[in-house]
Amino acid sequence: MSIINLNMMTPEEILRVEKDIVLTLKNVYDPEIPVNIYDLGLIYEIDFDPSGEATIRMTLTAPNCPMADMLVEDVNVQVGKVAGVKSVNVILVFEPAWDKSMMSEEALLELNLF
C-alpha cells in the first residue's frame, strides 16, 4: 500500500481514491436485496476532497427502510477504510425518490427485472 500525501494530491490520485470508493461501495449490500448499493442506484454522489473527506450522498429504496441506520454505518465504516480517506460524511437524501430505473443493468439482471 502506498502512502498518500493529502496536501499534494494530484488529480490522478484524487480520481484513484474516488474509484476505490466506488469499488468499496460495490461490496456494500442492502441487507434485504442481494445487490450492492452502487448497482442498486442508491449512491447519488461521491465527492472526495484532497483534505481526505469523502462525502457520499445516498438514498434508500424506501424512506422508512428499517435497515437505514445499519446501511449508513456500513458505508461510513467501509469507505473510511479506503486509502486516502480520513473522514466520511454520509448524507441521506430522498429527492429524487429512488426507483428501479436507477439500477444498473447488472442489478436488473440479478433480480430478473428485465
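## Salt bridges: the term and the model

A salt bridge is counted where a side-chain nitrogen of Lys or Arg lies within 4 Å of a carboxyl oxygen of Asp or Glu. Side chains of opposite charge can pair when their charged atoms come close. By this rule, the structure has three salt bridges.

The structure is a predicted model, in which local features need pLDDT of at least 70 and side-chain atom pairs count only at pLDDT 80 or more, while totals for chains, interfaces and linings use all residues. Residues are numbered from 1 along each chain as its sequence is written, and side-chain values use heavy atoms, with hydrogens and water left out.

## A pair within helix α1

Arg16 forms a salt bridge with Asp20, and their closest N and O atoms are 2.6 Å apart. Both residues belong to helix α1, where four residues, about one turn of the helix, separate them. Helices (H or I, at least four residues) and strands (E, at least two) are DSSP runs, numbered from the N terminus.

Arg16 is partly exposed, at 31% relative accessibility, and Asp20 is also partly exposed, with a relative accessible area of 25%. Here buried means under 20% relative accessible area, exposed means over 50%, and partly exposed lies in between (1.4 Å probe, protein chains only).

## Pairs across the sequence

Lys26 forms a salt bridge with Asp39, with 3.8 Å between the closest N and O atoms. Both residues lie in the loop between α1 and β1, so the pair ties together parts that are 13 residues apart in sequence. Lys26 is partly exposed, with a relative accessible area of 31%, whereas Asp39 is buried at 11% relative accessibility.

Glu45 forms a salt bridge with Arg57, the closest N and O atoms being 3.3 Å apart. This pair links distant parts of the chain, since Glu45 is in strand β1 and Arg57 is in strand β2, 12 residues apart. Glu45 is partly exposed at 36% relative accessibility, and Arg57 is partly exposed with a relative accessible area of 30%.

## The nonpolar core

A nonpolar core is a set of buried Ala, Val, Leu, Ile, Met, Phe, Trp, Tyr and Cys residues joined through side-chain atoms within 4.5 Å. The largest such core has 29 residues, and those with the most contacts inside it are Ile21, Ile37, Met58 and Val75. Two or more residues come from each of α1 (11-25), β1 (43-48), β2 (53-58), α2 (68-80) and α3 (105-110). The largest share, five residues, is given by α2.

Apart from residues up to four places away in sequence, Ile21 touches Ile46, Phe48, Ala54, Ile56, Val79, Val82 and Val85; contact means heavy atoms within 4.5 Å.
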